[in-house]
Protein chains: 2
Amino acid sequence: MFRELIPFDSAKKLIFDKINPKPLGAEKIPLKEAHNRILGEDVITNLDIPPFHRSTVDGYALKAEDSYGAEENKPIDLNVIGEISVGEYPKIHLKKGEAVEIVTGAPIPSGANAVIMVENTQKQKNRLLIYRALTQDENIMKKGTDIKKGEILLKAGKILEAPDIGVLAAIGLNFIKVMKIPIVAVISTGAEIIEPGKNLSPGKIYDINAYSLSAAVINSGGKPIYMGVIPDDEAALETALKQALLSSDIVITSGGVSVGPRDYTPKIVNSLGKPGVIISGIAVKPGKPTTIALIENKPVFSLPGHPTSALLIFYLLVSPIIQRIAGRKLISHKAVKAILTTRLFSAKGRKTFVTVKLSRDKNQILIADPTKTGASGAITTLAKADGFIEIPANQQFIDSNEEVIVTLLTNKKV
Amino acid sequence: MFRELIPFDSAKKLIFDKINPKPLGAEKIPLKEAHNRILGEDVITNLDIPPFHRSTVDGYALKAEDSYGAEENKPIDLNVIGEISVGEYPKIHLKKGEAVEIVTGAPIPSGANAVIMVENTQKQKNRLLIYRALTQDENIMKKGTDIKKGEILLKAGKILEAPDIGVLAAIGLNFIKVMKIPIVAVISTGAEIIEPGKNLSPGKIYDINAYSLSAAVINSGGKPIYMGVIPDDEAALETALKQALLSSDIVITSGGVSVGPRDYTPKIVNSLGKPGVIISGIAVKPGKPTTIALIENKPVFSLPGHPTSALLIFYLLVSPIIQRIAGRKLISHKAVKAILTTRLFSAKGRKTFVTVKLSRDKNQILIADPTKTGASGAITTLAKADGFIEIPANQQFIDSNEEVIVTLLTNKKV
């Protein structure tokens, strides 16, 4: 009747060792869809950006040497020999004593090495008076100063944020290799479970886990596929699991992992391939019956049916695996110190996680109030929580008014 | 030639006052697609969840009173009168001295008020020996303990995270009202601009802004539509702007806002409707030529062509407006203290923003190194930056080794 429970930290290590999560490889997608994706290759370019010396102002290109000595009250006189617009390559070659009208972004003509702003000049027909001396390269963005040919611009594994997307556009890429998104099949089990939107007949409850876990999968960098609710039927569950393994990279089930007569999820999962179940019960609260299998290199996480237990175990053990397979660096959850409001007991011999709500007392001290109502099935327990506290397996309790470390679940500012 | 610049902080206030950004209203979408969307209405339910008293363990339902005095060595004897499975409503009424076999999640039969775990019992045919006394309601999750009928579960404006999605599923919703996503038209202008993926002819550069700004729009809670690159042509720009105003809630252009002969974006924008241009130049560096208009209640942001200027002004002035129209609470950017590596000068009379890269020196002190290369057109300036420093308009410089406050641009851990 009793299974041997593996300590929580050993379970975590064992999962990483056995599953050995690695990215699935890269796929090419339009740059416009690449925001927040993970770069799948190092990006090197054979372009200098800008590809030519550009003016950064509206004014006149000239030789800096020609401007030496020019002052507000002592202008120097130059000869305007033409104008250069943006988007065209200038054929003009500029000689001593000459100036060329130029606009922001236009290429600098050969022979010129500075641009004087229009505000510091006065033009009379082809005669230009300049009222300021320039230094060499003033108001010029030189070829290759933004991006140098051959440089590694972005490294594989980078999350592509707005400026990175800009860099990739700058070198002319409209398609880019990104890491493939792992497909995660989500199955709910239980004869009492009904899909939201349907009528609730007596004795039934709505499916919570497939919805909350699917959202959590997206947050971890995976793409959930909803496999529906499987009633209490061994054959139906076996069919659904086989289908899930065929169409996904990771499988998550919830429910059917306790020790009751209808908890046959572990048995069926174990029959589907090698090595089969690698963890069968963890010394943790909540989440003790969690069962984890590896079927032909695909991880199958069988989580408890209680929504809070399922989602908390997802955060702790499943999400890091999905993140790694998605090619992401692990999210490091922020932690804060707070004062506990009530004494909390650990579950005997099990690492215990307790969800808490954070607030500030009248002295602006951060306090942590457990959201646990005694009902581990309660989804609201997690919805109300800002984070969780860990009580080590060998510690009996944490007293009220003790300082605790709260790992934050959300991005809420505290 | 010179425009009167409005101080940065006044510009920021004026934009909020004039645009008065408000959510666009709600739309109904499938719950499966609601992750990270903004809830569009308060959610109240007329269901108790769970809708019935449920067993939280596998075992036997009984009257707690019948168990009083039971001990490891002194079991009490009960009569098993049936069994209850999940998903069905029990017709059994339990009387004194009776027990009913029950599994996790199944409804508690009337007359019972506790459940003993199977581990604490021994069954011989219809006779059940119980080895432990129970308290009332032990191992029962009572009707309505997760969610109470009539309770406000989630408030309009909440970002829907995984546990919230679970709560909405729990009360049977498969569709949910969320705030509409603002559509943001993004237009690049300039005769020298070519779309990535095309051939780069002499004098041309690839479009950066439409790509980086579109990604930043997504990050702010908007949906970008890419209107393409408009060459230097007044009629084409007018057509594109009219089209953009028809098909979006917010318009962003980049380029064409300086004082050169072809900088006619402000003039055209101003002609499209009332009140027209409300800000024409801001005392800020970078981003001085930024022009902001309101055309029949739709904001039009005309940003400079320099990619770094455009994106920084987007972060500072455009993103907060999009977030508000998306129904979001404003992202509060984290700020850290760091030691500046080099003296930084402000632009005369303009609030100056300087992007910096953060690192730790050998004493683990956080240092801020400007990424500015002198080329404000450089997109890599922003891609390399972790955050930015503000120099007030009335301050001449910040000295090296001074402590500065760095507002973080990304979620990078420092």
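## An enclosed helix in chain B

Nine of the 11 residues of α4(B) are buried, so this helix is largely enclosed by the rest of the structure. The model is a predicted one. The buried residues of α4(B) are B:Asn209, B:Ala210, B:Tyr211, B:Ser212, B:Leu213, B:Ser214, B:Ala215, B:Ala216 and B:Val217. What covers them? The cover includes β14, β17, β18 and α7 of chain B. It also includes α3 (162-170) of chain A. After α4(B) comes B:Gly221. The phi of B:Gly221 is positive, near 95 degrees.

## Helix α3 of chain B

Helix α3(B) is mostly covered. Nine of its nine residues are buried. They are B:Ala162, B:Pro163, B:Asp164, B:Ile165, B:Gly166, B:Val167, B:Leu168, B:Ala169 and B:Ala170.

## The interface between the chains

How many residues of each chain take part? In chain B, 76 residues are in contact with 76 residues of chain A. Several elements give two or more residues to the chain B side: α3 (162-170), β16 (205-206), α4 (209-219), α7 and α8 (380-383). Sorted by class, that side has 40 nonpolar, 24 polar and 12 charged residues.

## How the two copies are related

Two copies of a chain are related by a rotation about an axis and a shift along it. Here, a rotation of 180 degrees superposes chain B on chain A, with 0.0 Å of shift along the axis. The RMSD is 0.1 Å. That is the relation of a two-fold axis. The same surface serves both copies. Of the contact residues of chain B, 100% recur in chain A.

## The six-stranded sheet of chain B

Six strands of chain B form an open sheet with mixed pairing. Their order is β17-β14-β18-β22-β21-β19. The edge strands are β17 (223-230) and β19 (275-280) of chain B, and each pairs on one side only. Neighbouring strands of this sheet are turned by 20 degrees against each other on average, direction ignored.

Strands β18 (250-254) and β22 (298-303) of chain B pair in the parallel sense, over four bridges. Within this sheet, B:Ile252 has B:Phe301 of β22(B) as its bridge partner. Helix α7 (307-325) of chain B lies across β14 (183-189), β18 and β22 of chain B. Helix α7(B) runs at about 170 degrees to β22(B).

Is strand β21(B) buried or exposed? Five of the five residues of β21 (291-295) of chain B are buried, so the strand is largely enclosed by the rest of the structure. In a regular strand the side chains alternate between the two faces of the sheet. Both faces of β21(B) are covered. B:Thr291, B:Ala293 and B:Ile295 are buried on one side, and B:Ile292 and B:Leu294 on the other.

Strand β21(B) has antiparallel links to β19(B), through five bridges. There, B:Ile279 stands opposite B:Ile292 of β21(B). Five bridges also join β21(B) to β22(B), again antiparallel. B:Ile295 has B:Lys298 of β22(B) as its bridge partner. The hairpin of β21(B) and β22(B) has two residues between the strands. In this hairpin, B:Glu296 takes a positive phi near 45 degrees.

## Domains and a sheet in chain A

Chain A is divided into four parts: domain 1 (6-24 + 181-325), domain 2 (27-48 + 152-179), domain 3 (54-141) and domain 4 (335-408). How far apart are the C-alpha centres of domain 1 and domain 3 of chain A? They lie 69 Å apart.

Chain A has an open sheet of six strands in the order β8-β5-β7-β6-β10-β9. Its pairing is mixed. At the edges are β8 (114-117) and β9 (121-124) of chain A, each pairing on one side only. The twist averages 40 degrees from one strand to the next. Strands β6 (76-84) and β7 (98-102) of chain A pair in the parallel sense over four bridges. A:Val80 stands opposite A:Ala99 of β7(A).

Definitions and conventions. Residues are numbered from 1 along each chain as its sequence is written. Chains are lettered from A and ligands numbered from 1 in the order in which they are written. This is a predicted model: local features need pLDDT of at least 70, side-chain atom pairs count only at pLDDT 80 or more; totals for chains, interfaces and linings use all residues. Copies are superposed by least squares on the C-alpha atoms of residues with pLDDT of at least 70 in both. Two residues are in contact if their C-beta atoms, placed from the backbone, lie within 7 Å. Two strands pair if DSSP finds at least two bridges between them. Axes are lines fitted to C-alpha atoms, for helices over the stretch in contact, and angles run from 0 to 180 degrees between N-to-C directions. Domain bounds come from an automatic or database domain assignment. Ala, Val, Leu, Ile, Met, Phe, Trp, Tyr, Cys and Pro count as nonpolar, Asp, Glu, Lys and Arg as charged, and the others, Gly among them, as polar. A residue is buried if 20 or more other C-beta atoms lie within 10 Å of its own, exposed if 12 or fewer, and partly exposed in between; C-beta atoms are placed from the backbone.
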